[in-house]
2 protein chains.
Amino acid sequence: MLQWLKHYRRELLAGDISAGLVVAMMMIPQGMAYALVAGLPPVVGIYASIAPPIVYALFGSSMTQSVGPMAIISLMTAAVVGPLAPGQPGLAGVLAAQLALMSGAVLLLCGLLRMGFLANFFSRPVMSGFTVGSALVIAYGQLPILLGGPLQQWHLPSAALGLGALLLLVLARLWGAPLLRRCGLGPAASDIGAKLAPMLVVLGGIALMSHTGLGAMGIHSTGAVPAGLPHLNLASSNAHWRALLQPALLIGFIVFLMSMSGAQALALKRNEKLVSNHELIGLGAANVASALSGGFPVTGSLSRSAVNFAAGANTPLASLMTALLLAGALLAPTGWLALLPLPVLAATIVVAVLGMLEMGILRTAWQYDRSDALAWSATCLGVLALGVEAGVIVGVALSMGTLIWRASRPHIAVLGRIAGTEHFRNIERYAAETQPELLVLRVDANLFFGNVEAVSQRIECELATHQSARHLVLVMSAVSSIDTTALMALSELNQSLKARGIGLHLAEVKGPVMDRLRNSTLLQQLHGQLFLSTANACDQLQRTK
Amino acid sequence: MLQWLKHYRRELLAGDISAGLVVAMMMIPQGMAYALVAGLPPVVGIYASIAPPIVYALFGSSMTQSVGPMAIISLMTAAVVGPLAPGQPGLAGVLAAQLALMSGAVLLLCGLLRMGFLANFFSRPVMSGFTVGSALVIAYGQLPILLGGPLQQWHLPSAALGLGALLLLVLARLWGAPLLRRCGLGPAASDIGAKLAPMLVVLGGIALMSHTGLGAMGIHSTGAVPAGLPHLNLASSNAHWRALLQPALLIGFIVFLMSMSGAQALALKRNEKLVSNHELIGLGAANVASALSGGFPVTGSLSRSAVNFAAGANTPLASLMTALLLAGALLAPTGWLALLPLPVLAATIVVAVLGMLEMGILRTAWQYDRSDALAWSATCLGVLALGVEAGVIVGVALSMGTLIWRASRPHIAVLGRIAGTEHFRNIERYAAETQPELLVLRVDANLFFGNVEAVSQRIECELATHQSARHLVLVMSAVSSIDTTALMALSELNQSLKARGIGLHLAEVKGPVMDRLRNSTLLQQLHGQLFLSTANACDQLQRTK
């Protein structure tokens, strides 16, 4: 914490200030847009962009992470808050803040309990399918705002303005950077300049509304933005706290996953080490701060963090700069913001989420591992068909299902001796010698509840085909751990073999595994022996036969 | 399916008939008792004991499994149906049947999709904690029935009858079998005889109610039992179908887990092979049959199956016998059943679930692996504090959490050469030689989304301590699979190392892994080489330096 401040050097300042400025320019339209996605007044998105990055700078572990509103988290917030506060914008704001408070508390608790390993719960294909599905849901949800009404009853001036803004933003995305480069800017500056297109389009929209006749044509705008800094906005019933508990767990989880996947990509570029437990604390504190300052759930955004990094951010001072600039914007007169036309804001959202439609992972998975491609598709369809919350659950279930499914097919080899040596190899791949009274099996996996049944069944199967075997030797060279379930299964196997007059022997048990087994009764009850090497086991068992 | 009927021999008949009879005698009080646990009229428990075992005999894979009502599944049914049909016994029956139909459909679907690996989702400690927690919840729930009223306002005659029955049943459990043995019965017959105590106590209770003054003292009894066979009992609103969907998934899952854990224990004793996919089909069909015959969710019961097995059951013919006997009992006059005092039925439930309070697994886990003991306790507390449905979710989360947590700490060894040999070993355990420009790492785990971050971090960490390394050799001898997430992480590592001028080399890649990698772009882009052996890699890399 604040390590970076101790070692701060003046050379870093220019980069941090310019990045802070650029991200602030990006944050104003983005914060308002993502508040809109969450079904909240746009100013809430700016509130949520001030305190969280300041707090994250104090507690987080990433140097360039930009914490604030993020599209998918806003979508999840809307999915939770919407049904609880239909047509009650005041209550919705309170509930959104409460959700941030609870998600933040969950993240802090997980951080204190050192549960950073939770970041490993999603495979990348599942994460990607979830992101793409959510992006489509968000874009679809913005269509009525973009067009000024539902699909059948769209409002011509709104739709013209919205689609115009959309066209400009798409053009800026495609040709903005090349154009700026042709105008003489450096490649990095051009890329950053192109990212400021949403701010320019928003300013253009405001100018059109105030200086032309558009304002009188019934186009919805953000409406009065209260000047002044954010404030506490928490008070609600017990029933609400209960209703928000499960969503807060899910949102906390996704806040962490989204932030980690972005931060990891950047840490790789900077050769930085990310500490997932610090990240949990940083994000937890940021969400609590968001809640206490009238915001809603926030997380690190990959796209914004990438701009922050590209614009020269060296330390979290850049985020502090962004926060100060946004606070300044709120203290200045905010009347002009009230005129921002909603169709333009919706256009910035649609273009932003189009950037999330990344199909590369699906393509890689399709070529490399169809089950991962299937997991991608199922998660994406889950979000589209069942909603974003159910999508998370589908994603976790698929990740875990794939894991257990793979674990349930452990590799087990029957070993034989390479003639004249001490080496034992898989008899399917080598010309290795076996003996009828000895069955030597090597299990190439850690033994745990997920594969214990498959291992038992394979052993019974091999015993059935090797009827003359009097000794079963399990070669444990690839087993680094045995959990309680597997221990009990081994004990049962031992009993069952004993009843059939077959010895159970263990060879090449690793040191840590042996230490554990000494705490159990398996070794005393073993109807067989322990051997240091497989060769040793076979020599001795042959002799005693 | 029906394999056993083809090979049926006359010698098996005696055992099957006697087991069928014994289990029927056990099933009558148990069926009624577990219907009571589910909050349904007792006769529903007998309905659920007729069609399901017949259908399971046709489709299931276990020879001695006794399928029918089971305490924990009844508790889960009550937890779902109770809140949806408060004070509406008719609707409760319809919903319970519907729940069985949906759970059955889920199980059938999982069976057709060959998802038997789902049985590996729970570790045994988690399963045991879940069972103990549920047993306590069930016993506590029966107290008001046992005492004839809530704790503060118990009804003296009811409580006397209930506690008397409880005492008798506990005595029968403790000393029934030894007493019968002293009377000259064989050990197996004595054990079985003792299991019939609940039927005797129930008959005694009925006799007391009909022939003494007890009947007039306000003790609740089962009330009129409609004679005749079960019938279809399905019709309900769309909202109910939707409300039952998630519970049906959970109940289907637990039905499968409960049945598998019991069947596995018996299959081990009989050296039988259990096919989990057939088991899914058998249980699914049994639940659908239960639903269509006015029953409620059913599963294989370990305690009943064990009695079935001990009483001599050789094939599913025993279960068919049981079903026929129960159907006969329903066709005979059922007036006498109406007098069965509920406190006596509650006493049989309390004694039955006391048998589920098995602490052996907790003890083993406590000595062997504290994290498994913790998972046991958390699941048990989860059921007690949050209810049986949330308990399942807590259990799955803990099993998966433990798994990911263990996976997130893979064993990785820095290897060195044993002087003068071709062997490479962990330098922490052997006096092995290393070279400053070569870093040789062996990852002792399959690479997948759960450990990919830990592996990357460890590699960065080792590179940081081996600043002079120009080549990183990953020894893949223990890696049997690489998923898409790990493939992408390897590509990123390759890019990152390339940028730093460090070569990434792979050695001892297994055949199946190599086949997979050929479908990706990693091998083309590899900033390094593939080597068959580690010795080979080191020799060549040293020469080219």
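**A strand and its surroundings**

Reply: In E4(B), B:Phe424 is the bridge partner of B:Arg417. This is a predicted model, in which local features need pLDDT of at least 70 and side-chain atom pairs count only at pLDDT 80 or more, while totals for chains, interfaces and linings use all residues; side-chain values use heavy atoms, without hydrogens or water. Residues are numbered from 1 along each chain as its sequence is written, and chains are lettered from A, with ligands numbered from 1, in the order in which they are written.

Strand E4 (residues 424-426) of chain B runs antiparallel to E3(B), to which three bridges join it; two strands count as paired if DSSP finds at least two bridges between them. Six residues lie between the strands of this hairpin, and B:Gly420 has a positive phi near 80 degrees. E3(B) also pairs in the antiparallel sense with strand E5 (residues 438-443) of chain B, again over three bridges, and there B:Ala413 stands opposite B:Arg442. Helices (H or I, at least four residues) and strands (E, at least two) are DSSP runs numbered from the N terminus.

Strand E3 (residues 412-417) of chain B is mostly covered, six of its six residues being buried, where buried means under 20% relative accessible area, exposed over 50% and partly exposed in between, with a 1.4 Å probe and protein chains only. The burial involves both faces, with B:Ile412, B:Val414 and B:Gly416 on one side and B:Ala413, B:Leu415 and B:Arg417 on the other.

In chain A, an open sheet of six strands has mixed pairing and the order E4-E3-E5-E6-E7-E8. Strand E4 (424-426) and strand E8 (530-531) of chain A are its edges, each pairing on one side only. Strand E5 (residues 438-443) of chain A runs parallel to strand E6 (residues 471-475) of chain A, with five bridges between them, and A:Leu438 has A:His471 as its bridge partner in E6(A). Across strand E3 (412-417), E5 and E6 of chain A lies helix H19 (residues 452-465) of chain A, at about 155 degrees to E5(A); axes are lines fitted to C-alpha atoms, for helices over the stretch in contact, and angles run from 0 to 180 degrees between N-to-C directions.

Back in chain B, helix H18 (residues 388-407) and helix H5 (residues 71-84) have axes that come within 9 Å and cross at roughly 115 degrees. B:Leu75, B:Met76, B:Ala79 and B:Val80 of H5(B) make the contact with B:Val388, B:Glu389 and B:Val392 of H18(B), contact meaning heavy atoms within 4.5 Å. These residues divide into six nonpolar, no polar and one charged, with Ala, Val, Leu, Ile, Met, Phe, Trp, Tyr, Cys and Pro taken as nonpolar, Asp, Glu, Lys and Arg as charged, and the others, Gly among them, as polar.

The end C-alpha atoms of H18(B) are 28 Å apart, which agrees with the 28 Å that its 20 residues should span at 1.5 Å a residue; the expected span is 1.5 Å times one less than the number of residues. Among the buried residues of H18(B) are B:Val388, B:Gly391, B:Val392, B:Gly395, B:Ser399 and B:Ala407. What covers the buried residues of H18(B) includes helix H18 (388-407) of chain A, together with H5, helix H7 (124-146), helix H11 (238-270) and helix H17 (370-386) of chain B.
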